[in-house]
Amino acid sequence: MNDKCHLELTHVNIDFPTDTGPFRALEDVSLKIDKGEFITLIGHSGCGKSTVLNIVAGLHRATAGGVILNGREVVEPGPERAVVFQNHSLLPWLSTYENVELGVKQVFKGKKSRAEMRDWIEHNLELVHMSHARDKRPDEISGGMKQRVGIARALAMQPEVLLMDEPFGALDALTRAHLQDSLMEIHASLGNTVIMITHDVDEAVLLSDRIVMMTNGPAATIGEVLHIQLERPRERLALADDARYNHYRSNVLKFLYERQKRPEESGEADDAAAPGTDDPREDVKPENIALRVVGS
Ligand SMILES: Nc1ncnc2c1ncn2[C@@H]1O[C@H](COP(=O)(O)OP(=O)(O)O)[C@@H](O)[C@H]1O
Ligand SMILES: [Mg+2]
């Protein structure tokens with residue numbers, strides 16, 4: 001396996017068919033990612049972040065260009081690329097344990113014995129501090145707990161690449177801080193490559209090796225890439241007073257609110273996006289960012 005250029009997006013374009021003709025969501029998206037790198041994607045709602053992630057996941061095909069993972073083109077989903085969506089996607093009739101087991105069987109059937117699989121499932125539930133709820137079903141646990149189970153299921157598949165689409169977006173600030181810390185620990189111990197979408201600037205700076213900032217669509221692309229050169233392990237409390245941390249943070253804010261200011265924010269037409277772009281989720285706004293918890 002080559003360590004250099006482990007994952008590469010090369011000149012990716014994607015056109016979605018719409019009633020009024022093809023809609024170009026992404027244009028010329030190129031990015032090289034090293035093994036073990038933690039990348040966050042940030043950009044205004046509807047710019048194409050999920051589309052990028054879905055192309056890497058193999059759920060969408062690029063119209064032009066493509067994705068290479070370890071020297072092979074990505075053409076479909078694969079167990080070496082696990083995806084965590086914002087809404088956990090657990091099966092409601094299965095317990096916490098069984099939901100994780102589902103992923104484990106997919107990858108390790110015939111490779112691990114039943115006892116090994118059981119130990120492995122239990123180990124991954126422990127990683128996200130969910131062992132106590134192993135027999136509970138999704139409707140018996142909180143949103144944060146469900147999200148943790150979704151993460152455990154993804155991790156238990158030992159994916160080389162972990163793809164996360166706003167995984168903590170729906171969670172309260174304390175749970176979010178707790179999961180960010182767990183994710184940093186897990187990433188430090190497993191060394192897998194992570195691509196995570198977030199709309200939280202603090203989360204991006206805290207977690208990333210590089211923050212990839214996307215321009216507004218249509219024909220969105222990578223506007224800037226910010227290297228976060230803060231030593232690990234990272235401590236949210238210590239970083240709150242770190243000048244470098246605040247410098248990175250303001251860099252991202254400037255990108256979003258000056259260089260990629262949206263038409264509606266400057267009082268111009270708000271019609272630049274494609275039909276059906278409306279994203280009801282909370283968007284990046286300075287007033288929301290100011291509320292992020294420091295310390296948990
Ligand atoms: N299947 C699709 N068909 C048509 N347009 C789509 C489709 N998926 C996404 N889009 C459009 O592509 C753009 C990027 O969407 P998305 O990647 O979901 O943005 P983000 O995740 O950054 O909010 C949006 O304008 C969206 O409406
Ligand atoms: Mg999205």
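**Burial, packing and backbone**

Modeller: Buried residues make up 37% of the 296 residues in the protein, where buried means that 20 or more other C-beta atoms lie within 10 Å of the residue's own, exposed means 12 or fewer, and partly exposed is in between, with C-beta atoms placed from the backbone. This is a predicted model, in which local features need pLDDT of at least 70 and side-chain atom pairs count only at pLDDT 80 or more, while totals for chains, interfaces and linings use all residues. Residues are numbered from 1 along each chain as its sequence is written, and chains are lettered from A and ligands numbered from 1 in the order in which they are written.

Colleague: What does the secondary structure of the protein come to?

Modeller: There are nine helices and 10 strands, taken as DSSP runs (H or I of at least four residues for helices, E of at least two for strands) and numbered from the N terminus.

Colleague: And which residues have the most contacts inside the largest nonpolar core?

Modeller: They are Leu41, Val56, Val100, Ala152, Leu163, Ile195 and Val252, in a core of 66 residues; such a core is a set of buried Ala, Val, Leu, Ile, Met, Phe, Trp, Tyr and Cys residues joined through C-beta atoms within 7 Å. Helix H4 (residues 143–156) supplies the largest share of this core, seven residues. Because domain 1 (1–74 + 180–267) and domain 2 (81–158) both give residues to the core, it lies between them, the domain bounds coming from an automatic or database domain assignment.

Colleague: What does Ala152 touch?

Modeller: Leaving out residues up to four places away in sequence, Ala152 touches Val100, Asn124, Leu125, Leu127, Val128 and Met130, where contact means that two C-beta atoms, placed from the backbone, lie within 7 Å.

Colleague: Then how do H2 and H4 pack?

Modeller: Helix H2 (residues 96–108) and H4 pack at about 30 degrees with their axes 8 Å apart; axes are lines fitted to C-alpha atoms, for helices over the stretch in contact, and angles run from 0 to 180 degrees between N-to-C directions. That makes H2 roughly parallel to H4, given that angles under 35 degrees count as roughly parallel, over 145 as roughly antiparallel, 65 to 115 as roughly perpendicular and the rest as oblique. On the H2 side the contact includes Asn99 and Val100, and on the H4 side Val149 and Ala152 are among the residues involved.

Colleague: At what angle do H3 and H4 cross?

Modeller: The axes of helix H3 (residues 114–127) and H4 cross at roughly 135 degrees and come within 9 Å, and the two helices are therefore oblique to each other. Trp120, Ile121, Asn124, Leu125 and Leu127 in H3 meet Ala152, Leu155 and Ala156 in H4.

Colleague: Switching topic, where are the cis peptide bonds?

Modeller: One joins Gly217 and Pro218, with omega about -5 degrees, and Pro218 is found in the loop between strand E9 (210–214) and strand E10 (222–227). Another runs from Arg232 to Pro233, with omega near -5 degrees, and Pro233 lies in the loop between E10 and helix H7 (236–239).

Colleague: What about phi of His129, and is that residue buried or partly exposed?

Modeller: Phi of His129 is near 55 degrees, a positive value in a residue other than glycine, and with 14 other C-beta atoms within 10 Å His129 is partly exposed. Glu166 also has a positive phi, about 45 degrees, without being a glycine, but Glu166 counts as buried because it has 22 C-beta neighbours inside 10 Å.
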